Amino acid sequence: PLLQLPSTDDYVGEVFQVGTTWYDYQHNGSTSTMIALDSQGNVHMVWMNGLQSGAADRHVFYNFFENGAVAFPGGVQISSFRSGYTTLDVNADDIPVAFFHSTVDSTRPVCAWDAIYGTGAFISTVISPPVPDRGLTWPHGIVDARGFYHTVTQTNPNTQLYYSRSEDGGFNFTTPIGISSTDGMAAVSQTMAAGPYEKVAIGYMHPLTTSWIDED
C-alpha cells in the first residue's frame, strides 16, 4: 500500500510506502474507507496483508502517518486470526477504528481500535452472531457524531445484510439484525455514511426482480 500526500511544489505529491501485501485487491466490491485524516492532520490507514504468495496467511495491518513520517515501517498487525476486507474510521478523539472479518471460530465481524493514540496497540471485539448462528463477512463500519460504532455485514454466499452497533466505544455490540435480502446481488456493495448529528445511512445495490442481477 502506498500513501500519497500533496506538496507545495509538486501537484502529484510524494509517495510513501506504508506496507506490503501479496493481494492485488482489497475488497470484493465496495471498498468504503481504508484511510482517514484526523483532526490533528495525521493519517491512519488499514489494509489486508497477504503474508506470502497465495496469501494463505493473511491479516489486517495498520499504519500511521504523523508529522510527515510513517510511524511503523511495514505497518503493524492488528488481527489475531486469519482476517481481511477491512474498513476504517476515526472517532471524536482521533482514535482509528477498524472493521474486518476474521475466522475466530466461524467467520465473525470484528471491531478493533487503538488503545492509545498513535501506538498501534489495538483492542478488538468479536461481534456476536445472529440467531440462527450464521457466519458474517465483509463488515463495513463507521463512527457517528455520538461516538456510536455502526457496522453492516453480509452472509456468504450473499443472502442477507445485517446491521449492528456499539454505544460504548466498541466493547459491546448489539446482536446483528437482518435488514435486507441480498438474493441476486452478486457483488458486495454495502457501504455506510454518517452525518454531523445522529443520522447514519446504509447504501447498497439490489435487483428489483429475481430475473435481474447487479442492478439498482
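In the predicted model, Gly203 has a relative accessibility of 29% and is therefore classed as partly exposed, since this value falls between the 20% limit for buried residues and the 50% limit for exposed ones. Gly203 belongs to strand S17, which spans residues 200-203. Beyond its neighbours within four places in sequence, Gly203 makes contact with Ser189, Gln190 and Thr191. The C-alpha atom of Gly203 also lies 6.2 Å from that of Met192, although 11 residues separate the two along the chain.

Strand S12 runs antiparallel to strand S13 (residues 149-154), to which it is joined by five bridges. Within this pairing, Ile142 is placed opposite His150 of S13. The two strands, S12 and S13, form a hairpin with five residues between them, and Gly147 in the turn adopts a positive phi of about 90 degrees.

Arg58 is located in strand S5, which covers residues 58-66. Arg58 is buried but takes part in no salt bridge; Asp57, the nearest side chain of opposite charge, is 8.2 Å away. The side chain of Arg58 does, however, form a polar contact of 3.0 Å with the side chain of Tyr23. When neighbours within four places in sequence are set aside, the residues in contact with Arg58 include Met48, Asn49, Phe81, Tyr85 and His101.

Eight aromatic pairs are present in the structure. In one of them, the ring centres of Tyr23 and Tyr25 are 5.5 Å apart and the ring planes meet at 75 degrees, so the arrangement is edge-to-face. Tyr23 is classed as buried because its relative accessibility is 14%, whereas Tyr25, with a relative accessible area of 34%, is partly exposed. Ring pairs link these two tyrosines, Tyr23 and Tyr25, with Tyr85 into a cluster.

A further edge-to-face pair is formed by Trp113 and Phe171, whose ring centres are 5.0 Å apart and whose planes stand at 80 degrees. Trp113 lies in strand S10 (residues 107-114), while Phe171 lies in the loop between strand S14 (160-166) and strand S15 (177-181); the pair therefore ties together parts that are 58 residues apart in sequence. Trp113 itself counts as buried, with a relative accessibility of 6%.

Key. Residues are numbered from 1 along each chain as its sequence is written. This is a predicted model: local features need pLDDT of at least 70, side-chain atom pairs count only at pLDDT 80 or more; totals for chains, interfaces and linings use all residues. Side-chain values use heavy atoms; hydrogens and water are left out. Helices (H or I, at least four residues) and strands (E, at least two) are DSSP runs, numbered from the N terminus. Buried means under 20% relative accessible area, exposed over 50%, partly exposed in between (1.4 Å probe, protein chains only). Lys and Arg count as positive and Asp and Glu as negative; His and the chain ends are not counted. A salt bridge is a side-chain nitrogen of Lys or Arg within 4 Å of a carboxyl oxygen of Asp or Glu. A polar contact is a pair of N or O atoms within 3.5 Å; within protein, one must be able to donate a hydrogen and the other to accept it, and residues adjacent in sequence count only if both atoms are side-chain atoms. Contact means heavy atoms within 4.5 Å. Two strands pair if DSSP finds at least two bridges between them. Rings of Phe, Tyr and Trp (its six-membered ring) pair if their centres lie within 6.5 Å; planes under 30 degrees apart count as stacked, over 60 as edge-to-face and the rest as tilted.
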